[in-house]
Amino acid sequence: MKLRLLKLTLFVVLINFNYAYANEDQIELKPGFGRDVVMANCVMCHSLDMIQINSTFMKKDKWEATVNKMRKVMGAPIQDEDVAVIVRYLTQNYGIE
Ligand code: HEC
């Protein structure tokens, strides 16, 4: 009887664990020009929710600074020509102006 309860508990824990991870993968950015470039460049090191969480207070210059920080400080391999596209997309879709 105790064993059954233990199995059931384990089962529930595992299901929840799975669910949390599945949710993580489902983060979808808003559709728009530049979305693919962001998806290609910003998911290597952290989840896309980094973008969503920060979006409440980001102006264009802040996004610019963040993208540059990701490149220069974190070492993100983002091409020069992609920077403007990424910053424009983030400002339009996840910015406050
Ligand atoms: C090379 C790995 C790497 C890549 C690629 C990368 N990031 Fe990051 N990012 C990090 C790390 C590490 C942190 C956490 C650093 C910290 O705590 O300040 C972070 C933090 C952030 C934050 C939180 C605010 C901040 O300044 O710390 C935002 C927003 C962010 N990243 C956005 C992006 C965007 C947008 C892209 C794509 C242009 C991107 N990241 C690509 C490594 C990366």
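Which residues of α4 are buried? I took this as the opening entry and worked in a predicted model throughout.

**Entry 1: helix α4.** I looked up the burial of each position in α4 and found Trp63, Val67 and Met70 to be buried. I then viewed the helix down its axis: the buried residues fall within an arc of 60°, so they line one face of α4. I noted the general rule that an α-helix has 3.6 residues a turn, so residues three or four places apart point the same way. On the face turned away from the buried side, I recorded the exposed residues Asp61, Lys69 and Lys72. I also checked what covers the buried residues of α4, and the cover includes α5. For the length, I counted 13 residues in α4 and a reach of 18 Å from the first C-alpha to the last, close to the 18 Å expected at 1.5 Å a residue.

**Entry 2: overall fold.** I listed the secondary structure and found five helices and zero strands. Along the sequence the pattern reads α-α-α-α-α. I noted that the protein has 97 residues, of which 12% count as buried. Among contacts between residues at least 6 apart in sequence, I recorded that 71% join residues at least 24 apart.

**Entry 3: nonpolar core.** I looked up the largest nonpolar core, which has 10 residues: Val38, Cys42, Ile51, Trp63, Val67, Met70, Ile86, Val87, Tyr89 and Leu90. The elements that give two or more residues to this core are α4 (60-72) and α5 (80-94). I noted that α5 gives the most, with four residues. For background, I wrote down that in soluble globular proteins nonpolar side chains tend to be buried together. I then followed one core member, Ile51. Leaving aside neighbours within four places in sequence, Ile51 is in contact with Leu29, Cys42, Leu90 and Tyr94.

**Entry 4: ligand shell.** How many residues surround the ligand, and which are the closest? I found 18 residues around the ligand, and the closest are Cys42, Cys45, Met70, Met74 and Ala76. The largest share, four residues, comes from α4. By residue class, I noted that the shell divides into 12 nonpolar, five polar and one charged.

How values were computed: Residues numbered from 1 in each chain as written. Predicted model: local features only at pLDDT ≥ 70, side-chain atom pairs only at ≥ 80, totals over all residues. Buried ≥ 20, exposed ≤ 12 C-beta atoms within 10 Å, placed from the backbone. Contact = placed C-beta atoms within 7 Å. Core = buried A, V, L, I, M, F, W, Y, C linked by C-beta atoms within 7 Å. Near = placed C-beta within 6 Å. Nonpolar A, V, L, I, M, F, W, Y, C, P; charged D, E, K, R; others polar. Expected span 1.5 Å × (residues − 1). Arc of directions from axis to C-beta.
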